[in-house]
Amino acid sequence: MNARSLSLTLNAASLYGVSAILIGAFGFQFLRNELPCPLCLLQRVFICALAAGPILNLRFGPRPSHYALSMLAALAGAAVSARQILLHILPGDPGYGSAIFGYHYYTWAFILFVAALVLLALMLLMDSQFDWTDEETRPGPLARAGILLAIGLTAANILSTLAICGFTACPDNPVRYELFQHR
Amino acid sequence: MIFTLLFAMWTCVLALAWLAPRKAAMAGFALALVLSAALFVHHITDPLTLSF
């Protein structure tokens, strides 16, 4: 497997990673009925944004600018999750939502965004993947499925967020689906 | 509602990355990133309650 093939495979795998995170977020939302707060939604937004770089890499071939897009998304996501960590950092603050393995969702989000930055930087070290930049690639069925999964899960968040917030501003601490409340 | 629109915008950006010319996808990403960051900055300058 040459560097270009390896890079495309890893990019396809990263789309499944992004999708797994979004599915996990939906899992906690629906199974544990823990609705995402506005900052949590913003973190989800930047997780979705991470998928843009790999999709472009799979379609147009790996380019540093595509990795840069995902790095910007990871940086913004890390800023948002760090903000939420700082909001709950005072002693005695229970944090928002429940903890998984001792960390709240936003702490895990911060770890994931920083890990994404490190992985993207490591991918950029693989110079020979950029040797063919002019040809459009034809992703295989698994890569195409990963792309559609990532886009589909981002679209599913439209419906989920509409259900949580309704047609008004999202509540700070959502406990019910506002769209389905009869007033 | 604004978050619903934000997710709709990012869905369009990912669809552009998959279907549209490269420059359109890059421009769409830049616009969506700036708007998302602007929303974040706008909200962190507001008086905050629980998580926002």
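**View 1. The axes of helices H2(A) and H4(A) come within 8 Å of each other and cross at roughly 160 degrees.** The pair is therefore roughly antiparallel; angles over 145 degrees count as roughly antiparallel, those under 35 as roughly parallel, those from 65 to 115 as roughly perpendicular, and the rest as oblique. Axes are lines fitted to C-alpha atoms, for helices over the stretch in contact, and the angle between N-to-C directions runs from 0 to 180 degrees. The crossing of H2(A) and H4(A) is left-handed (the near helix is turned anticlockwise from the far one by less than a right angle; clockwise would be right-handed). From H2(A), Leu39(A), Leu42(A), Gln43(A), Phe46(A), Ile47(A) and Ala49(A) meet a set in H4(A) made up of Ala73(A), Ala76(A), Gly77(A), Val80(A), Ser81(A), Arg83(A) and Gln84(A). By class, the residues of this contact are 8 nonpolar, 4 polar and 1 charged. Ala, Val, Leu, Ile, Met, Phe, Trp, Tyr, Cys and Pro count as nonpolar, Asp, Glu, Lys and Arg as charged, and the others, Gly among them, as polar.

**View 2. The model of chain A is predicted and contains 6 helices and 2 strands.** Helices (H or I, at least four residues) and strands (E, at least two) are DSSP runs, numbered from the N terminus. Starting at the N terminus, the order of the elements of chain A is α-α-α-α-β-β-α-α. The C-alpha atoms of chain A fill a box of roughly 60 × 40 × 25 Å along the principal axes. Chain A has an average pLDDT of 90, and 97% of its residues score at least 70; pLDDT is the predictor's confidence in each residue, from 0 to 100. Among the elements of chain A, strand E1 (residues 99-100) has the lowest mean pLDDT, 83, while helix H5 (residues 105-124) has the highest, 96. Residues are numbered from 1 along each chain as its sequence is written, while chains are lettered from A and ligands numbered from 1 in the order in which they are written. In this predicted model, local features need pLDDT of at least 70 and side-chain atom pairs count only at pLDDT 80 or more, whereas totals for chains, interfaces and linings use all residues.

**View 3. Helix H3(A) is largely enclosed by the rest of the structure, because 8 of its 9 residues are buried.** A residue is buried if 20 or more other C-beta atoms lie within 10 Å of its own, exposed if 12 or fewer, and partly exposed in between, with C-beta atoms placed from the backbone. The buried residues of H3(A) are Ala52(A), Gly53(A), Pro54(A), Ile55(A), Leu56(A), Asn57(A), Leu58(A) and Arg59(A). Their cover includes H1, H2, H4 and H6 of chain A, together with H1 and H2 of chain B. Just after H3(A), Gly61(A) takes a positive phi of about 90 degrees. In chain A as a whole, 42% of the 183 residues count as buried.

**View 4. Helix H3(A) packs against helix H1(B) (residues 2-19) at an angle of about 15 degrees, with the axes 8 Å apart.** The two helices are therefore roughly parallel. Their crossing is right-handed. On the H3(A) side, Ala52(A), Ile55(A), Leu56(A) and Arg59(A) meet Val13(B), Leu14(B), Ala17(B) and Trp18(B) of H1(B). The residues of this contact comprise 7 nonpolar, no polar and 1 charged.

**View 5. Where chain A meets chain B, 39 residues of chain A are in contact with 26 residues of chain B.** Two residues are in contact if their C-beta atoms, placed from the backbone, lie within 7 Å. On the side of chain A that touches chain B, the elements giving two or more residues are H2 (38-49), H3 (52-60), H4 (64-87) and H6 (141-165) of chain A. H6(A) gives the most, with 10 residues. The residues on this side of chain A divide into 30 nonpolar, 6 polar and 3 charged.

**View 6. Asn33(A), Phe101(A) and Leu125(A) belong to three loops of chain A.** Asn33(A), in the loop between H1 and H2 of chain A, has a positive phi of about 55 degrees although it is not a glycine. Asn33(A) counts as exposed, with 10 C-beta neighbours inside 10 Å. Phe101(A), in the loop between E1 and E2 of chain A, is a residue other than glycine with a positive phi near 50 degrees. Phe101(A) is exposed, with 6 other C-beta atoms within 10 Å. Leu125(A), in the loop between H5 and H6 of chain A, is exposed with 7 C-beta neighbours inside 10 Å. The C-alpha atoms of Leu125(A) and Pro64(A) are separated by 10.0 Å, although the two residues are 61 residues apart along the chain.
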